[in-house]
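Have the viewer open as you read along.

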2 protein chains.
Amino acid sequence: MINTKNVQLGKVRSSIRELFEYGKIRKAEIGEDKVFDFSIGNPSVPAPEIVRDTLIDILNEYDPVLLHGYTSAPGDFSVRKVLADYINLRFKTNLSADCLYLTCGAAASLTIVFNALLNEGDEVITPAPYFPEYRVFVENAGGEFVVVPSDKQSFGLDVAAVEGALTGRTKCVIINSPNNPSGAVYGESDIIKLCTILEKHREKTGNTVYLVSDEPYRELVYDKEITVPYIMNYYDCSIVCYSYSKSLSLPGERIGYIAVNNGMKEFSDVYAAVCGAGRALGFVCAPNLFQQLIKKVYNVTSDISVYKANRDRLYGALVSYGFDVVRPDGAFYLFVKSPEPDAKAFCERAKEYELLIVAGDDFGCGGYVRISYCVSPETIERSLPAFKALAESYR
Amino acid sequence: MINTKNVQLGKVRSSIRELFEYGKIRKAEIGEDKVFDFSIGNPSVPAPEIVRDTLIDILNEYDPVLLHGYTSAPGDFSVRKVLADYINLRFKTNLSADCLYLTCGAAASLTIVFNALLNEGDEVITPAPYFPEYRVFVENAGGEFVVVPSDKQSFGLDVAAVEGALTGRTKCVIINSPNNPSGAVYGESDIIKLCTILEKHREKTGNTVYLVSDEPYRELVYDKEITVPYIMNYYDCSIVCYSYSKSLSLPGERIGYIAVNNGMKEFSDVYAAVCGAGRALGFVCAPNLFQQLIKKVYNVTSDISVYKANRDRLYGALVSYGFDVVRPDGAFYLFVKSPEPDAKAFCERAKEYELLIVAGDDFGCGGYVRISYCVSPETIERSLPAFKALAESYR
């Protein structure tokens, strides 16, 4: 009688959450330090101290009526201006404050963008592996979720696969680089190829496909020579969804933004649709205190050296134990080939060694598992004998 | 090609916002103190000092990884426990922490509840005058928005009108007391009558109608003898949407909750649907810092004596000038009968006196205007000659 789709969605926990809850129970049973929980992508590095200091300064200095009052729906103009200027400086774009729409984090950015763009039955293409909630968000906005494979060697873009999936109903391609769960960063040449096929599709069919880039992991890249291309430099009909959840270790505070490329012909309609969708979904404005924070720390990043050290240690160890792993360039995940075809069975066996890792099936990529290495270096160190024993159990 | 409904929604500003923007321009032209802006319901009383002090204490004392990390989707359990206990103490309910779902404010509460309850074509009944975004939220969730009149003498509930609008497709009645824009508080006898007809409807047709109470103004009641009945005490299938926006003057921070009555038979499905809808709409969790704040100041209210003084002064003055006004018991609005049938024409004439007030048409109640008295007492005082001259222009 009530909305059964949402009843179902509320009752079925994601398998990541399921495992996380199992971990909590297991830790209570055998001890916190005996369970190696690699299930969840919750930053383990604290927010930089300047975050606390700035929040306290703002609370002490600002008029509370203004500080805690409503901002305009897209966000405080002065905050958007600072962010637009920073993006322009960094990526040589030409955005104004009115290209930005501040949001309650990346999930909000995505639901707003999908609701802004999609009509019932429109298709959204995404390469697998992908963040599982994409499917929920697309389908809730009335869209069809279309999955294409990635390059299995590198988890880089398989542009031909995207091209093969384009139809007259394709409204959007969503990419996520650095990628959750593979850690892959899409290189410039692949981005150029992708944008070229989208442009050709538009020329041939008259159908515009929007390229949406979900970038919560943009700042989490561990090698100087790796750059994450900014899609607005390659394609006019592009939208960036950014979040400070990982870059500033603020996932619970819900702050991010949508940037709409003002190089697109239909910019004013697309931006209006973003505002309209935000309004219809009930996002009145992004939390004001955190808007004011971001205005001051827009160019700060948490100390990601811990993640880099974790990546290097765990990657090196797993390879030495015989696991087949693609070395990730960013994010804080390792995507490991399961030694048996059924990744879920592998995850179950890992549990016997108190290792909590997630099967790739939920990410649209069976036969692999995700290991979230946003944990303490001590946890990594303590877990290594368990990974070694797990590997040996497959000899 | 993109979602035209949301393009439209983003382009057409509400007439309240329109007037607010006009006010900003007009103030720049003739001076801040020459324009009397009664357009917007933005609290003018600052958050209590304990809000700032508590936020600073939390920032200084809590581990930032936990403080700024994800909470569970319905909110931190310990926060929900404190709130449930407080509700139980205050209203003699028997809620557990798992009846509550913390949200990014009242708008989020409403969109989540409508998406949880409604299937395509289901009807939502609301008495006019009503908060205009209700229509947007209901229609975006696939519902039909059904408006019934209120008692025109008091703006109290017209229960017979609700009864007459019940059909086999009615899923929900939404009430808002104290009411925006009328300031009316629905008395206990009317709530009992309303619940009785909903129960009779269920018995007769087998169709359950959920009673949703939108309560951002619950704490803004100015006379000791006025109480706002708690609907869970009268009806099993009831849901309360609460927000701290007005009670703690935190509208820009987006914090509130949904409380689902555990006395209803289908509680677990309804609560699951709330969780599912929150997930599908992209609300990952309510801002964690403000969750922790609420845990500590759950029973604090901003100093509302200013609003009470404003109400008394403005109500008294307007009546003495000959305006027809129902004395409001709560919220911070006066709903005034337009001296000419066309309230929009009246608002235009008010503008000539630099008085910015909103026509009731948007609230589903033509022939009236809303005056938001959440302004400084000085603004009220300075505006009185203008109101007097406006009244005299109709003699």
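## A threonine in chain A

In which strand of chain A is the place of A:Thr126? A:Thr126 sits in strand E3, residues 123–127 of chain A; strands (E, at least two residues) are DSSP runs numbered from the N terminus. With a relative accessibility of 1%, A:Thr126 counts as buried, a term for under 20% relative accessible area (1.4 Å probe, protein chains only).

Leaving aside residues up to four places away in sequence, A:Thr126 touches A:Tyr134, A:Phe145, A:Val146, A:Val147, A:Val148 and A:Ile174, where contact means heavy atoms within 4.5 Å.

## A tyrosine in chain B

Over in chain B, B:Tyr333 lies in strand E9 (residues 333–337). B:Tyr333 counts as buried, at 1% relative accessibility.

The side chains of B:Tyr333 and B:Tyr217 make a polar contact at 2.5 Å; such a contact is a pair of N or O atoms within 3.5 Å, and within protein one must be able to donate a hydrogen and the other to accept it, while residues adjacent in sequence count only if both atoms are side-chain atoms. Not counting residues up to four places away in sequence, B:Tyr333 touches a list of residues including B:Gly41, B:Asn180, B:Pro328 and B:Arg370.

## Confidence and conventions

This is a predicted model, in which local features need pLDDT of at least 70 and side-chain atom pairs count only at pLDDT 80 or more, while totals for chains, interfaces and linings use all residues. Residues are numbered from 1 along each chain as written, chains are lettered from A and ligands numbered from 1 in written order, and side-chain values use heavy atoms, without hydrogens and water.

Chain A has a mean pLDDT (the predictor's confidence in each residue, from 0 to 100) of 96. For the complex, the predictor gives an ipTM of 0.96 and a pTM of 0.96.

How values were computed: Helices (H or I, at least four residues) and strands (E, at least two) are DSSP runs, numbered from the N terminus. Buried means under 20% relative accessible area, exposed over 50%, partly exposed in between (1.4 Å probe, protein chains only).
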